[in-house]
Amino acid sequence: MTLAAEETESVISPAGRQLRQGNKAPRPARRWMTLIRREPLAAACLAGIALLVLIALLAPALAPYDPNNNDVLNRLKGPSATFWLGTDELGRDLFSRLLYGARTAVETSFQSVGMALLIGVPLGLLIGYLGGWWDRVAMRVTDIAQSIPSLIFAFAVIAILGRGVNQTAIAVGIVFSIIMLRIARGLMLRERELLYVDAARVGGLSTPRILFREILPNVAGPLIVEAALLLGSAIMLITMLSFLGLGLEASTPDWGSMLDEARKYQVLHPFMALPPGLAIMAAVLLFNFTGDSLRDALMGRRRVAHRKLRQDRRARNAPKAKAPVQDADTVLTVQGLRVSYLSESGKPMEVLSDISLDLHRGETVGLVGESGSGKSTTGMAMVGLLPDTASSSGHVWLGDTDMLTAPAAEAAKRRGPEIAMVFQDPIGSLSPVHTVGQQLIEPMQHHLGLGKEEATRRVIELLEMVGIPNAAQRINDYPHQFSGGMAQRAMIAMALSCRPKMLVADEPTSALDVTVQAQVLKLLGRLSTEFDMAVLLVTHDLGVVSEACDRVVVMYAGEIVEVGKVADVLAKPRHPYTYALLKATPRNEAPAGRLPTIPGTVPPPWDFPRGCRFAPRCAFVKEACTIAPVALVDGVRCVRAGELSLEVGA
Amino acid sequence: MPRLIALRIAMSLLSLFLAASFAFSLVHLSPTDPAILALGDGASEAQRLKLTQELGLDRPILVQLATWFMRVLGGDLGQSIFAHKPVTSMIGDAIPVTLSLLIAASVIAVILGITIGIYAGLRSGSWVDRLVTSGVSASLAIPSFWLALLLAYFFAVKLRILPVAGYTTYAESPSRWVIGLLLPSFALSVHGAAVIARHMRGAVIDVLDSAFINAARARGTPMRVVISRYVFKNALVSVMPIIGIEVAVLLAISTVIEKVFVLPGLGTLMVNAVITSDFPLLQGTILVTATILITVNLMIDIVMGLLDSRIRPQ
Amino acid sequence: MTALLQVKDLAITYRTGGSIIPGRSRTFDAVKGVSFDIAAGQGLGLVGESGSGKTTVGRAILRLVKPSRGSIKFDGQEVTAFGSNTPLSFRRDVQVVFQDPRSSLNPRRTIRDTLAQVIKRHFDTPDDETQRRAAELLDKVQLPSYHLDRYPSELSGGQQQRVAIARALAPQPRLLVCDEPVSALDVSTQSQILNLLSDLRRDLNLAYLFISHDLAVVRQVSDFVVVMHRGAIVEQGPCETIYTEPQADYTKLLLSSVPALDAWKRRAGLNA
Ligand SMILES: Nc1ncnc2c1ncn2[C@@H]1O[C@H](COP(=O)(O)OP(=O)(O)O)[C@@H](O)[C@H]1O
Ligand code: SF4
Ligand SMILES: [Mg+2]
């Protein structure tokens with residue numbers, strides 16, 4: 001069977017689809033168009049900048065008077081029909097000066113930022129790319145400039161070059177070049193780590209080509225953002241300089257010096273301060289907004305959902321359901337759990353459908369499936385910690401508490417003494433700026449009401465039990481001083497510190513080396529017996545299931561497709577997916593020809609097939625499979641379960 | 001920790017050395033003859049030659065740098081050309097003004113910024129957050145000197161409850177010292193508060209998203225503790241460097257604030273030095289500015305070391 | 001027969017923690033005295049746990065890091081003596097497939113651009129010939145040609161890895177360094193890529209340096225296996241010998257730690 005033909009069902013995001021209508025690639029111009037359509041704010045800002053530039057260019061045509069035309073008879077007049085914004089101490093028309101001021105502002109700020117782009121960016125990229133001594137020396141040198149604020153650095157340059165429009169632009173340009181150099185270098189350092197740069201080198205491309213053709217397009221976005229923000233700073237700096245009487249010659253119409261004049265007539269003629277101040281503010285705001293909205297657009301705006309600190313509201317609105325009658329052994333019951341996330345386009349997509357499951361004391365249940373099948377979401381639902389962007393229905397009964405709808409404080413009380421969780425990345429699960437001990441004693445303080453000393457003593461005991469040498473000293477260490485394996489042991493110790501009835505372990509060994517994995521699995525097995533708890537072991541590795549679990553739940557595309565005793569399921573799977581997964585898992589055996597594969601890939605949640613979700617990849621698919629969703633009957637979700645005989649050869 | 005402090009002090013001394021070299025080089029970067037710069041425009045050729053000899057301007061540049069350093073280390077920053085006074089004493093008079101202003105404004109900025117940032121970050125997406133975010137954007141775009149003018153007009157000219165301008169030393173009258181600083185330091189603090197609030201908000205949102213917050217909640221730690229213990233400290237650690245940068249920015253902005261409120265501080269000296277091409281004074285003020293900022297950053301580095309073990313050398 | 005690649009006594013030291021004071025920076029010996037050979041068309045598996053120095057060895061062969069000692073000979077030529085400009089002929093002969101297909105493709109280039117760039121660089125072909133070859137390469141990695149005008153972000157992980165393989169094949173190399181090429185992929189995709197790599201090796205007589213932490217995977221694709229631990233080789237030998245009669249204690253530990261699919265049988269026996 002050819003593998004690729006079926007793999008054509010590509011995994012592209014909905015946004016990506018929108019972009020790629022037909023078979024045409026999105027060319028840059030098209031991309032900008034879509035950007036404008038999707039980012040009206042950014043587009044508006046760009047339009048605003050265009051307007052500002054236009055005013056600057058057309059100032060001579062727009063201004064009613066020569067900005068330097070003295071008219072002593074009409075000095076310090078308020079706004080009137082003749083002089084729209086009034087006049088200054090020399091009787092010059094303030095409106096005309098304001099328009100010409102825009103010209104000065106645009107000219108000087110574009111000049112200085114242009115200079116920064118021309119000098120700072122190439123130098124920064126080069127230094128970042130070369131690294132080593134080049135980098136260290138350049139950074140030291142630019143550090144001097146960093147220890148002196150931009151404005152004061154500009155003072156020094158003006159002291160040397162003298163005053164004037166060009167001098168001011170150059171002064172600010174030098175300061176900005178240094179800033180841009182550092183930014184470009186930072187971007188390059190980050191980009192250099194990406195493998196495509198290595199791939200380009202291995203591909204034999206020359207250094208300039210790699211720098212300008214490969215890397216520059218990738219850092220151009222962030223650089224443009226910085227340039228927009230610098231334009232704002234430039235206007236601020238330049239007006240400050242001329243306010244101080246340092247920047248431009250007195251005759252140059254400029255917002256900063258207009259404010260300086262206004263300062264002198266603060267008492268007599270306070271209105272004078274308003275127009276130039278507002279003009280500066282508007283221009284800076286414009287550039288800042290442009291920068292920010294471009295940044296958001298580039299990053300693919302992350303809509304931060306309103307973070308609910310209290311989930312009580314949801315709980316109050318949910319209809320009261322009654323806990324099912326559980327036998328003494330049952331620790332947790334999942335009933336008809338459904339979870340949807342808000343997709344980027346704002347539509348909900350269901351990632352978990354109709355999950356039902358019981359967990360019993362003393363058993364270890366493997367939850368297995370490929371990435372994206374919904375394992376982690378199931379685990380988080382069990383501890384009542386679905387993200388705020390998720391909506392859910394169904395129940396997760398822990399005793400008679402529904403963890404899905406219980407008030408936050410209520411659910412928090414259960415986590416620790418009744419249910420606990422460990423994660424894939426143990427070091428990331430610990431706050432980097434608190435000692436491990438500080439965090440480990442927390443559950444015992446909150447749930448068992450122990451004092452600090454007693455809790456610490458018990459934590460040390462627990463750590464010794466999970467095999468951490470020197471526990472008494474190690475609790476004063478910070479997470480980054482732990483190895484992955486040791487940290488995971490510590491996390492397990494903490495999870496068990498309040499003797500929970502159930503432990504959810506989400507890929508607890510996936511980030512660990514095999515030898516360490518074997519130890520941690522052994523530890524988990526020992527502890528589950530010792531504490532007589534239910535363990536849900538989430539993993540993508542059937543080998544781990546085989547080594548460590550009593551029962552197994554196989555998930556595919558948000559559904560449970562098969563449940564059963566490990567010995568039964570692994571010996572004689574009943575679902576074609578389980579069977580295919582088993583066959584595809586590399587065995588530590590001598591190679592025997594081609595490896596069995598599953599054609600295609602797991603579909604994304606917005607692309608789940610209507611009927612059996614595995615149908616497009618299933619070797620046993622029949623017409624009947626694709627008509628309607630398939631129910632989980634007797635532990636297997638397959639219309640052909642009865643007729644198929646899926647033997648796994650030894 | 002002692003190693004970190006020693007290391008940081010060494011780094012600071014290096015920065016200080018580099019900044020001082022920069023200040024020294026100013027005179028030589030200028031196209032005008034340093035002797036003329038030192039004497040002012042009206043000097044005669046004979047005076048020029050004499051001074052060139054005296055200052056050793058005809059000697060190799062490194063020798064000049066060394067002599068200049070010896071002088072500076074001995075506390076001699078030269079004579080101001082314009083004021084005909086020792087630069088050291090002029091700076092000595094100006095430093096209390098600028099430092100009081102800078103410290104007051106920084107404290108206000110840090111307290112306001114952190115409080116507002118946390119408040120908005122914890123409620124990201126809500127209307128409060130949107131209000132704060134817009135307020136911050138606006139504050140970042142307001143030119144501080146314009147804000148200062150408006151404040152001065154409103155409180156001093158209109159309401160007449162605060163002095164318009166001028167500086168009273170603490171020794172003269174502590175209460176008037178405080179009252180005189182109220183408006184300037186508030187006007188100065190707005191930019192800092194906005195920047196710090198913005199970063200603090202972002203940091204809080206990022207920290208709330210991180211795995212260890214999830215893990216802390218998974219072990220049943222009440223949200224209130226999660227926030228006060230983990231969110232606060234982690235967000236603070238990532239905002240500390242911003243505070244350092246912002247103090248430098250405030251020091252720069254203080255020059256315009258000093259001008260609006262007619263405060264005889266470092267900024268005023270510096271501006272006068274540039275206008276009158278008073279290079280000894282300019283060198284002195286830049287050196288002092290750099291020293292202040294390097295010290296601030298040293299303190300921040302040390303606080304960072306206390307907060308975050310990852311940056312302590314092993 | 002002389003080997004295609006000869007690595008002798010290779011050692012690589014990384015600087016950690018940049019100090020500007022000379023002599024004060026710390027160093028870390030990532031690779032210590034590693035030697036092995038790869039014959040033309042041979043598949044050599046390099047296994048070890050994270051941090052054992054596998055990737056660093058691969059990167060030294062690709063001239064992406066500088067060895068501090070030792071020699072790397074490719075086709076009799078001393079690779080470490082090339083100086084700052086790597087000859088194009090070497091770049092043609094030795095290619096790479098990285099672990100993370102997402103970051104190994106330039107996000108701003110279409111698949112067509114990515115492939116055409118390498119083809120043009122090495123063969124200086126006219127445009128239509130370049131296009132033809134690009135389509136041919138995609139076909140070799142069993143991707144339909146309409147993927148040519150897509151961006152990497154529009155492909156699944158497995159498809160991205162196929163493109164990365166196509167790019168590596170573009171200069172018609174003799175040695176392919178595969179650094180954990182399937183570790184970021186799901187089981188079902190993993191075996192697709194492993195099969196593809198085996199097919200290509202047979203069809204093109206490619207030699208592989210196959211770097212992986214997954215012993216079961218390495219066993220499927222290697223003729224010869226080198227086991228590394230903490231920067232040094234603990235054992236090397238023909239693949240099946242290493243797996244069936246490991247000599248070094250560390251190799252034994254590694255092998256016994258691999259979770260076995262049929263472990264349930266053993267456990268059932270224990271429980272009964
Ligand atoms: N916070 C989230 N927001 C939106 N989608 C998510 C979120 N977390 C997971 N998903 C999506 O939900 C599906 C199931 O994910 P997950 O539960 O992490 O699966 P697994 O653990 O099996 O890899 C995937 O399609 C994933 O992309
Ligand atoms: S229902 Fe049909 S398509 Fe689905 S797994 Fe069963 S046989 Fe395959
Ligand atoms: Mg997961």
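Which domains does the domain assignment of chain A give? In this predicted model, chain A has domain 1, covering 3-299, and domain 2, made up of 361-386 + 395-580. Taken over C-alpha atoms, the centres of domain 1 and domain 2 of chain A sit 51 Å apart.

Now for the salt bridges. Take E261(A), which pairs with R92(A), the closest N and O atoms being 3.5 Å apart. E261(A) belongs to helix α10 of chain A and R92(A) to the loop between α3 and α4, so this pair ties together parts 169 residues apart in sequence. Are these two buried or exposed? Both E261(A) and R92(A) are buried.

Further along chain A, R361(A) meets D532(A), with 3.9 Å between the closest N and O atoms. Here two loops are involved: R361(A) lies between β2 and β3, and D532(A) between α20 and β8, so parts 171 residues apart in sequence get tied together. R361(A) is partly exposed at 30% relative accessibility, and D532(A) is partly exposed at 36%.

Over in chain B, R8(B) and D301(B) form a salt bridge at 3.7 Å, N to O. Since R8(B) is in helix α1 and D301(B) in helix α12, the pair links parts 293 residues apart in sequence.

Staying with chain B, helix α6 runs over residues 127-141. Its buried residues include V128(B), V132(B), V136(B) and L140(B). Who does the covering? Among the elements are α9 and α11 of chain A, along with α5 and α8 of chain B.

Last stop, ligand 2: the residues around it include H575(A), C612(A), F620(A) and R640(A). By class, the shell has nine nonpolar, one polar and one charged residues.

Notes:
Residues numbered from 1 in each chain as written. Chains lettered and ligands numbered in written order. Predicted model: local features only at pLDDT ≥ 70, side-chain atom pairs only at ≥ 80, totals over all residues. Heavy atoms only, no water. Domains from an automatic or database assignment. Helix = DSSP H or I, 4+ residues; strand = E, 2+ residues; numbered from the N terminus. Expected span 1.5 Å × (residues − 1). Buried < 20%, exposed > 50% of the residue type's maximum accessible area, 1.4 Å probe, protein only. Contact = heavy atoms within 4.5 Å. Near = heavy atom within 4 Å. Nonpolar A, V, L, I, M, F, W, Y, C, P; charged D, E, K, R; others polar. Salt bridge = Lys/Arg side-chain N within 4 Å of Asp/Glu carboxyl O.
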